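Me: I am new to this structure. Can you walk me through how to read it, feature by feature?

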Amino acid sequence: MQRRWLTVPVLGLLTVFLLTTLPAEQSTEVTQKPLIPEAYPPGELGEIVKLGQELVARTHEHPLSKQYVGNALDCTSCHLKNGTDARAASFLGVAAAYPAWSPREKRVITLEDRVLNCFMRSQNGIRPPLGSKVSVAITAYITWLSSGSEIRMNHQKPLGPRHVPSLSRKAELAEEKRGAKLYEDRCADCHGASGAGTTEGPPVWGKQSYNDGAGLSRNDKLSAWLKVSMPPDDTDLTEQEALDIAAYVNSHPRPHFILKEHLPPAERLGVYDW
Ligand code: HEC
Ligand code: HEC
């Protein structure tokens with residue numbers, strides 16, 4: 001009898017202790033873990049990771065990658081801060097999700113395949129050969145940004161743990177006309193009234209932009225990305241505003257994607273060239 005009376009308060013105290021201390025301990029553990037590795041790997045690997053970072057930053061100008069790019073964009077135009085922004089199509093932790101199932105290709109793809117898909121679609125360019133320096137360096141850079149992440153291959157889609165969350169509002173609710181006005185107020189200063197870009201921001205439609213096979217050419221994807229990415233210093237669009245603007249931006253012409261026009265000659269699909 002006496003023992004029972006003792007157990008109740010002890011259990012109670014234990015519960016209070018667990019509830020108050022455990023979550024706190026867990027959260028400090030998460031915040032202490034650096035998201036971006038503190039140092040490049042030593043030796044030649046570090047050099048390749050640095051090269052990958054440069055290619056992500058200057059894709060359409062860099063002498064190694066520009067031959068594979070068909071517009072005025074760089075990977076960092078959408079994967080903000082070279083993919084280190086935790087929200088805007090982040091590269092942090094991405095390598096841990098691959099190989100992953102790709103519903104579009106109906107097969108399992110590697111991280112390298114995924115990188116090359118963005119060249120063909122978002123960069124409106126030609127697929128760099130598998131195993132080429134460009135492809136290996138960018139893949140090495142993204143893998144380095146995933147240091148310490150637990151491998152959890154994605155069996156549903158080729159997306160990493162921090163992928164852009166879908167909006168809860170349906171894309172069909174978008175209204176282009178409202179989007180036009182919002183674009184003028186919030187976007188045109190940097191991207192130009194004609195969408196062709198300015199020195200402050202890259203093109204968002206027309207020949208120098210992403211093609212209609214790119215993720216962002218879909219209004220649901222573009223609105224979700226805008227919500228967490230634009231305007232760069234002030235990402236405060238409501239879901240409805242992001243949808244309206246996405247519908248307006250994507251109502252303009254952009255290059256049409258035909259897969260075979262973005263593949264290199266068969267003998268250049270994969271190389272051993274360095
Ligand atoms: C026009 C915008 C745009 C450009 C330019 C672009 N991407 Fe992407 N990329 C996207 C979007 C949008 C996604 C989907 C991201 C999401 O849903 O979180 C994506 C996804 C990816 C993924 C998969 C991410 C994951 O979470 O698994 C990789 C890897 C990737 N891109 C690499 C690149 C590389 C490398 C380049 C440059 C050669 C590039 N991208 C250029 C828009 C772009
Ligand atoms: C202060 C200038 C600025 C404003 C305002 C701004 N952007 Fe951007 N935007 C940029 C820059 C700069 C980038 C490229 C990111 C980088 O290189 O760091 C970018 C990238 C983009 C991209 C991906 C690359 C491309 O060109 O397709 C889209 C789409 C985009 N912005 C749309 C918008 C929309 C829509 C708005 C209005 C809601 C907006 N931006 C407001 C500067 C701006």
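Me: Is H8 mostly covered or mostly open, and how many of its 11 residues are buried?

Reply: Count the neighbours around each residue. A residue is buried if 20 or more other C-beta atoms lie within 10 Å of its own. By that test H8 is mostly covered, with eight of its 11 residues buried. Keep in mind that this is a predicted model.

Me: Which residues of H8 are buried, and what covers them?

Reply: The buried ones are Asn219, Leu222, Ser223, Ala224, Trp225, Leu226, Lys227 and Ser229. Part of their cover comes from H9.

Me: What score does the chain average for pLDDT?

Reply: The protein chain averages a pLDDT of 90, and 87% of the residues score at least 70. Residues 8-30 fall below 50. That stretch has zero contacts in the model beyond near neighbours in sequence.

Me: How many helices and strands does the protein chain have?

Reply: List the elements, then their order. The protein chain has nine helices and two strands. Along the sequence the pattern runs α-α-α-β-β-α-α-α-α-α-α. Next, look at packing. Of the 274 residues in the protein chain, 39% are buried. Among contacts with a separation of 6 or more, 70% join residues 24 or more positions apart.

Me: Which residues have the most contacts inside the largest nonpolar core?

Reply: The largest nonpolar core has 29 residues, and Ala137, Ile138, Tyr141 and Ile142 have the most contacts inside it. Helix H2 (43-57), H4 and H5 each give two or more residues to this core. H5 gives the largest share, seven residues.

Me: What does isoleucine 142 touch, leaving out residues up to four places away in sequence?

Reply: Isoleucine 142 touches Gly83, Phe91, Val94, Ala95 and Leu111.

Me: Is leucine 45 buried or exposed?

Reply: Leucine 45 has 12, so it is exposed. This leucine 45 sits in helix H2. Now compare sequence with space. Leucine 45 and alanine 137 are 92 residues apart in sequence, yet 9.1 Å apart from C-alpha to C-alpha.

Me: Which residues come nearest to ligand 1?

Reply: Find the nearest residues, then the elements behind them. Cys75, Cys78, Cys118, Ser122 and Gly160 come nearest, out of 29 residues around ligand 1. Helix H3 (75-78), helix H4 (111-120), helix H5 (133-144) and helix H8 (219-229) each give two or more residues to this shell. H4 gives the largest share, four residues. By class, the shell around ligand 1 holds 19 nonpolar, eight polar and two charged residues.

Me: Why does ligand 1 lie between domain 1 (43-163) and domain 2 (171-249)?

Reply: Ask which domains supply the shell. Domain 1 and domain 2 both give residues to the shell around ligand 1, so ligand 1 lies between them.

Technical notes. Residues are numbered from 1 along each chain as its sequence is written. Chains are lettered from A and ligands numbered from 1 in the order in which they are written. This is a predicted model: local features need pLDDT of at least 70, side-chain atom pairs count only at pLDDT 80 or more; totals for chains, interfaces and linings use all residues. A residue is near a molecule or strand if its C-beta atom, placed from the backbone, lies within 6 Å of it. Ala, Val, Leu, Ile, Met, Phe, Trp, Tyr, Cys and Pro count as nonpolar, Asp, Glu, Lys and Arg as charged, and the others, Gly among them, as polar. Domain bounds come from an automatic or database domain assignment. A nonpolar core is a set of buried Ala, Val, Leu, Ile, Met, Phe, Trp, Tyr and Cys residues joined through C-beta atoms within 7 Å. Two residues are in contact if their C-beta atoms, placed from the backbone, lie within 7 Å. pLDDT is the predictor's confidence in each residue, from 0 to 100.
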